[in-house]
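Trainee: I am new to this structure. Could we go through the terms used for it and ask what stands behind each?

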Amino acid sequence: SSHKCMFLTNGAPFERELNRRYLICVFLPRVDKDRSGVISDSELQQALSNGTWTPFNPVTVRSIISMFDRENKGGVNFNEFAGVWKYITDWQNIFRNYDRDNSGFIDKNELKQALTGFGYRLSDQFYCTLIEKFDRQRKGQVAFDDFIQCCIVLQRLTDVFRRYDTDQDGWIQVSYEQYLSMVFNIV
């Protein structure tokens, strides 16, 4: 697709419109390496930084792409990319807000503050489990991309749990096959 790169605001707030035009006219062509008009997961992964000089978590990239890829084409088009970019930017702001020591990582206490702020009530032991599961670099803390993945997985698990927790008491009773179905819907 071709996009006109004239910098007119057409009544939209100037800064937001300028950011959108920059995204479409300058940044997007640099990301869409094969000029297909679709940003693949590998193209998006190359464009993203997790602040640790390591590749952005490919599982996180695939999770994000799948949220915005409305036609199941294995990537996002230009319009969908604007949503992807806003999503990532919003997560970046959340991450920076809870990365109290500006280390570029979220430790167990910072993760607890973040997830408590999102409404989760979890034990200290479970925060250790989360750090262990999502700390790909084995530093006892999670980088930006792994923080996003942790939050995505936790939200998906919570959504599935809530479908079975009809009386909303925090307890469910499921058969083994129901449990497997719940897990397979997430992984």
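Predicted model: local features only at pLDDT ≥ 70, side-chain atom pairs only at ≥ 80, totals over all residues.

Mentor: The protein has eight helices and four strands, in the order α-β-α-α-β-α-β-α-α-β-α-α along the sequence. Of its 187 residues, 36% count as buried.

Trainee: What makes Asn72 exposed?

Mentor: The cut-off for exposed is over 50% relative accessible area. Asn72 has 70%, so Asn72 is exposed. Asn72 lies in the loop between helix 3 and strand 2.

Trainee: Is Arg138 buried or exposed?

Mentor: Arg138 has a relative accessibility of 60%, and therefore counts as exposed. Arg138 belongs to the loop between helix 6 and strand 4.

Trainee: Why is the pair of Phe95 and Phe144 called edge-to-face?

Mentor: Two numbers decide that. Ring centres must lie within 6.5 Å to pair, and planes over 60 degrees apart count as edge-to-face. Here the centres are 5.5 Å apart and the planes stand at 75 degrees, so the pair is edge-to-face.

Trainee: How do you know that this pair ties together separate parts of the sequence?

Mentor: Phe95 lies in helix 4 and Phe144 in helix 7, so the pair joins parts that are 49 residues apart in sequence. Both Phe95 and Phe144 are buried. The protein has nine aromatic pairs, and ring pairs link a cluster that includes Phe56, Phe68, Trp91, Phe95 and Phe144.

Trainee: What makes one side of helix 6 the buried side?

Mentor: The buried residues of helix 6 are Tyr127, Leu130, Ile131 and Phe134. They cover an arc of only 100 degrees around the axis, so they are on the same side of helix 6. An α-helix has 3.6 residues a turn, so residues three or four places apart point the same way. On the other side of helix 6, Gln125, Glu132 and Lys133 are exposed. The buried residues of helix 6 pack against strand 3 (105-106), helix 5, strand 4 (142-143) and helix 7.

Trainee: Which residues have the most contacts inside the largest nonpolar core?

Mentor: They are Leu44, Ile64, Leu111, Leu115 and Phe147, in a core of 37 residues. Among the elements that give two or more residues to this core are helix 1 (14-31), helix 3 (58-68) and helix 4 (78-98). Nonpolar side chains tend to be buried together in soluble globular proteins.

Trainee: What does Ile64 touch, leaving out residues up to four places away in sequence?

Mentor: Ile64 touches Val84, Tyr87, Ile88, Ile148 and Ile152. In helix 3, Ile64 is buried, as are Thr60, Val61, Ser63, Ile65 and Phe68. The cover over the buried residues of helix 3 includes helix 2 (41-47), helix 4 and helix 7.

Trainee: What makes Asn57 a cap of helix 3?

Mentor: The distance cut-off for a polar contact is 3.5 Å. A side-chain oxygen of Asn57 lies 2.9 Å from the backbone nitrogen of Val59, and Asn57 caps the N-terminal end of helix 3.

Methods
Residues numbered from 1 in each chain as written. Heavy atoms only, no water. Core = buried A, V, L, I, M, F, W, Y, C linked by side-chain atoms within 4.5 Å. Buried < 20%, exposed > 50% of the residue type's maximum accessible area, 1.4 Å probe, protein only. Contact = heavy atoms within 4.5 Å. Polar contact = N/O pair within 3.5 Å; in protein donor to acceptor, adjacent residues only side chain to side chain. Arc of directions from axis to C-beta. Phe/Tyr/Trp six-rings, centres within 6.5 Å; stacked < 30°, edge-to-face > 60°.
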